[in-house]
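Subject: Structure handover

Hello,

Please find the structure below. My notes on it follow.

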Amino acid sequence: MEVIIQRDADAASLLAARVIESELRANPRLVLGLATGRTMERVYAHLTRMHREEKLNFARCRTFNLDEYIGISPDDPRSYHFFMRRHLFNRVSIPARNTRLPDGTARDLPSAARRYEKLIRRAGGIDLQLLGIGRAGHIGFNEPLSALMSRTREKALTPMTQRQNAPMFGGDPRRVPARAITVGVGTILESRRCLLVATGAEKAAILAKAVEGPITSMITASALQLHPRCTVIVDEAAAKKLKGKTYYRWLFENEPDWAAFR
Ligand code: GLP
């Protein structure tokens with residue numbers, strides 16, 4: 001794992017977008033794992049601008065999103081399907097057939113989940129998995145106690161996650177769906193590269209636990225410590241509680257792989 005600390009949320013999102021850009025330019029048929037949430041809005045805004053101004057081409061890449069609420073239709077403005085069209089897909093002219101999200105309206109959720117795993121495998125696996133972190137320490141909707149070898153499946157959301165995501169539901173946590181379909185921690189760990197972005201002071205405590213604490217299913221983001229190629233990009237506010245900050249900065253400054261990004 002490597003941790004890169006940037007001045008503010010915009011610089012962190014820009015660096016994340018630059019990493020995605022370089023992977024996509026190197027491989028136009030990249031299989032991208034995508035995430036939702038406010039943190040991602042900034043990353044997608046940068047990608048949209050790169051598409052518009054710097055000819056970044058998404059036409060041949062394929063995408064798989066992490067998760068979707070159960071019982072919310074893809075046309076509902078609160079769905080992650082809608083979020084992705086609004087913040088990325090419609091703006092970078094990526095063919096709809098190249099984009100996939102788990103189906104939260106499937107009658108048979110276990111078989112929809114198995115199908116999703118199969119689609120990822122058939123695409124050759126995820127090349128680059130973009131991730132946010134929830135306040136409960138989740139990646140995707142892998143809430144506390146999610147098995148670290150879990151696959152795509154249905155999951156109950158914690159009250160903390162319902163509170164965090166309430167703004168999309170008129171500010172009322174009771175209106176946030178109680179369940180979601182999410183790719184598993186095991187699915188995420190099989191991606192060739194992981195890129196976690198966290199910004200803002202409210203992520204500082206959970207981020208420090210995920211990066212520097214023990215690996216535990218209580219904080220599923222901590223499983224990323226096992227991943228052979230995981231980059232964590234944070235702003236100063238989210239980095240506040242990291243003990244190894246000086247070392248992480250030194251690594252970033254001295255690592256030849258990052259020369260083009262400094
Ligand atoms: C939701 C998503 C997660 C995401 C999290 C962070 O819970 N299911 O994948 O990481 O939001 O959200 P935000 O960026 O708004 O803090």
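Where does Lys243 lie? Lys243 is in the loop between α8 (236-239) and α9; helices (H or I, at least four residues) and strands (E, at least two) are DSSP runs, numbered from the N terminus.

Some ground rules before the rest. This is a predicted model, in which local features need pLDDT of at least 70 and side-chain atom pairs count only at pLDDT 80 or more, while totals for chains, interfaces and linings use all residues. Residues are numbered from 1 along each chain as its sequence is written, and side-chain values use heavy atoms, with hydrogens and water left out.

Lys243 is exposed, with a relative accessible area of 78%. Here buried means under 20% relative accessible area, exposed over 50%, and partly exposed in between (1.4 Å probe, protein chains only). From Lys243 to Ala208 the C-alpha distance is 7.8 Å, although 35 residues separate them in sequence.

The ligand

The ligand sits in the largest pocket. A pocket is found on a 1 Å grid over the protein atoms alone, as an open set of points where a 1.4 Å probe fits, with protein on both sides within 12 Å along at least five of seven lines. A molecule sits in a pocket if more than half of its atoms lie within 2 Å of the grid points of that pocket.

There are 14 residues around the ligand, and Arg38, Thr39, Asp67, His138 and Lys203 come nearest. A residue counts as near if one of its heavy atoms lies within 4 Å of the molecule. The shell is made up of 3 nonpolar, 8 polar and 3 charged residues. In this count Ala, Val, Leu, Ile, Met, Phe, Trp, Tyr, Cys and Pro are nonpolar, Asp, Glu, Lys and Arg are charged, and the others, Gly among them, are polar.

Which polar atoms face oxygen atoms of the ligand? A polar backbone atom of Arg38 is 2.8 Å from one, and a polar backbone atom of Gly132 is 3.5 Å from one. From Asn165, a polar side-chain atom lies 3.3 Å from an oxygen atom of the ligand. The protein covers 97% of the 390 Å² of accessible area that the ligand has on its own (Shrake-Rupley method, 1.4 Å probe).

Buried residues

His227 is in the loop between α7 (204-212) and β10 (230-235). His227 counts as buried because its relative accessible area is 3%. A polar atom of the His227 side chain lies 2.9 Å from the backbone nitrogen of Arg229.

Trp258 is in the segment after α9 (245-254). Trp258 is also buried, at 4% relative accessibility.

Exposed residues and backbone angles

Arg121 belongs to helix α4 (residues 109-122). With a relative accessible area of 55%, Arg121 is exposed. Between the C-alpha atoms of Arg121 and Glu253 there are 36 Å, and the two are 132 residues apart along the chain.

Most residues other than glycine have a negative phi. What is the phi of Ser93? Ser93 has a positive value, near 40 degrees, and lies in the loop between α3 (80-89) and β5 (99-100). Leu145, not a glycine either, has a positive phi of about 80 degrees. The place of Leu145 is the loop between β6 (128-131) and β7 (153-156), where Leu145 is exposed at a relative accessible area of 62%.

Regards

Definitions and conventions
Polar contact = N/O pair within 3.5 Å; in protein donor to acceptor, adjacent residues only side chain to side chain. 1 Å grid on protein atoms, 1.4 Å probe; cavity = no way out; pocket = protein on both sides within 12 Å on 5 of 7 lines; lining within 4 Å.
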